Amino acid sequence: MVSDVNAGSVPLQTQEVVAVKAKRLLSIDALRGFDMLLIAGGGAFIERLNGKTGLGWVDWMGDQLTHPAWNGFTFYDFIFPLFLFLSGVSLSFSLQTAVAKGIDKPVLYRKAFRRFVILYLLGILDKNIPLDVFDPANIRYGTVLGRIGLATLVATVLFLNFSWKQRLYAVAGILLAYYAALFLIPVPGFGSGDLSFEGNLVGWFDRSFMPGRLLQKTYDELALLTQFPALCLAVLGTVAGEWLQSDRSDRTKLTYLVTPGLYSIGAGLLWGIHFPINKHLWTSSFILVTAGMGALFLALFYGLIDVLGFRKWSFFFKVIGVNSLVVYLAYRFIDFNHTSKLLFEGFYRHTPEPLHESLNALGALVLVWTFLYILYRHKIFVKI
């Protein structure tokens, strides 16, 4: 039971949900594993088949696993936003449990900040290997892991102090403010409302205020301004997680995911007519589309695994999902592709040569999953 002190500092909706014992949902781990699968070799396997099989549907899937040059959307653009969304979902479960145990807010704030710092430092290491600490001007400070850490830090503060409705208002405010800024604030030499690669406000802001090296030299999609719309995905994930922990029926929970998900996608597509869907700019329309997709995918996995009980098929993804940080960093520090070539080239060399690169990526995926399975069997789970 939550103490009176804590109950007075937690939103009413949160207090109601705390009464329901939070449990770990297999569907969340499985969906996270599905997401990471496309990073851990699965995406490379399919993408490298593009144009080599003569099958139109294979080529279409390959095209979906590459990023557009600027405006537009492919499934590969969904990978990182889905992870941010799921980070928020998982965060809501851990925070609900902590609140139920009577852990004070300052303790949770410190934990979230410590996690942000660790992820930020790991992100710098990941993006700058070999890291030259004596040349800070050439260090890239905008990172995937840093963005996850910042997003979950902000989501923690908002979750512990505001109801899910208030958090939705905050997200709406951020997305509208971001939209207004990109269209109304003039960029020197380009004016206002320029969303081109050269003239957008985000790139100018990065060039003017972001230290170190930028990914595209004059621009970096993981730098400063794009942090604001990106963190909205984690905040929306906490809302979805709170709904899943409510005492409502499974059917109602699925409705709470599917209906807003469809509305979010529709609103994003409509907004995209004027504010193009663009992952590089993390436009507000892009956030709505990917958040809606995240809700639909979560509903699908939750419905199949935790509601209908079809659990066996999800084990493959669960093994990946419970050690997502290991997957991400392992690909940076371990050359699975080289090992795959050493172990499997003797087999796939007898297939048509154009398939070799793709089959080698498949072999790397087998090695990664085996590595993660060994960790799983020994109950080794790396968390921050």
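Does Glu242 count as buried or exposed, and at what relative accessibility? At 2% relative accessibility, Glu242 counts as buried, where buried means under 20% relative accessible area, exposed over 50% and partly exposed in between (1.4 Å probe, protein chains only).

This is a predicted model in which local features need pLDDT of at least 70 and side-chain atom pairs count only at pLDDT 80 or more, while totals for chains, interfaces and linings use all residues. Residues are numbered from 1 along each chain as its sequence is written, and side-chain values use heavy atoms, without hydrogens and water.

**Salt bridges**

The structure holds 8 salt bridges, each defined as a side-chain nitrogen of Lys or Arg within 4 Å of a carboxyl oxygen of Asp or Glu. Three of them are listed here.

| Pair | Closest N and O atoms |
|---|---|
| Glu242 and Arg167 | 2.7 Å |
| Glu357 and Lys52 | 3.6 Å |
| Arg311 and Asp306 | 3.6 Å |

Glu357 is partly exposed, with a relative accessible area of 44%, and Lys52 is partly exposed at 34%. Glu357 lies in helix H17 (residues 356-377) and Lys52 in the loop between helices H4 (42-47) and H5 (56-63), 305 residues apart. Salt bridges that share partners join Arg48, Lys52 and Glu357 into one network.

Arg311 is partly exposed at 43% relative accessible area, as is Asp306 at 23%.

Note on methods. Helices (H or I, at least four residues) and strands (E, at least two) are DSSP runs, numbered from the N terminus.
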